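Okay, thanks for coming, everyone. I'd like to walk you through one structure today, so let me put it up.

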Amino acid sequence: MSPADPTADAVVGRRLVPRRASAGSGPALLLALLAACASTAGGPPAAAPAIQVIADRAWELVRIQMMDGAVLVPDDPARYTLRLGADRRAEIRADCNRATASYALAGSALSLGPIASTRAHCPPPSISDRYLQQLGFAASFVVKDGRLHLATRADGAILEFR
């Protein structure tokens with residue numbers, strides 16, 4: 001993915017705020033995900049269908065697209081996982097660390113925390129700390145083409161899982 005354009009549309013809270021668009025602006029998928037996460041037309045769907053779509057499945061991290069254009073890619077996606085249990089507990093693997101958290105799900109809104117983690121220092125090129133930090137900022141999700149996309153608060157990042 002190419003770096004996000006700071007002039008592209010953004011989500012503020014749960015509302016899409018248009019900014020000046022320019023030719024070659026940030027990735028269309030990223031903007032579509034942000035728009036989908038911000039949409040509240042017709043009210044949020046019931047939590048049960050959302051749980052059925054994303055829970056009890058091991059999601060592997062593909063990338064973290066930061067809004068400043070940085071892209072963090074794990075060297076081994078199997079070492080960065082997220083499993084959301086039907087019991088509202090999340091099991092997380094962050095490279096050489098393990099973590100757990102409670103989570104809340106309402107429609108497309110998803111929040112995790114607090115996250116309790118082991119604090120081993122994983123060798124480079126680990127993105128363990130950044131991954132756990134961004135998970136703690138999760139605000140909403142969308143599933144597109146079989147992939148889970150988590151949007152963080154304040155346009156911080158999009159975490160993409162397969």
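First, some terms: buried means under 20% relative accessible area, exposed means over 50%, and partly exposed is in between, with a 1.4 Å probe and protein chains only. Keep in mind that this is a predicted model, where local features need pLDDT of at least 70, side-chain atom pairs count only at pLDDT 80 or more, and totals for chains, interfaces and linings use all residues. Residues are numbered from 1 along each chain as its sequence is written, and side-chain values use heavy atoms, with hydrogens and water left out.

So, the cysteines. A search of the whole structure turns up one disulfide, meaning a pair of cysteine sulfur atoms within 2.5 Å. Cys-96 and Cys-122 form it, with their sulfurs 1.9 Å apart. The S-S torsion is about -100°, so this disulfide is left-handed. Cys-96 sits in the loop between strands E6 and E7, and Cys-122 in the loop between strand E8 and helix H3. Helices (H or I, at least four residues) and strands (E, at least two) are DSSP runs, numbered from the N terminus. Cys-96 is partly exposed at 32%, while Cys-122 is buried at 8%.

Now, on to E10, residues 147-152. Five of its six residues are buried. E10 runs antiparallel to E9, with six bridges joining them; strands pair if DSSP finds at least two bridges between them. Lys-144 has Arg-147 as its bridge partner, and in that hairpin Asp-145 takes a positive phi near 55°. E10 also pairs with E11, again antiparallel, over four bridges. There, Leu-148 stands opposite Phe-161.
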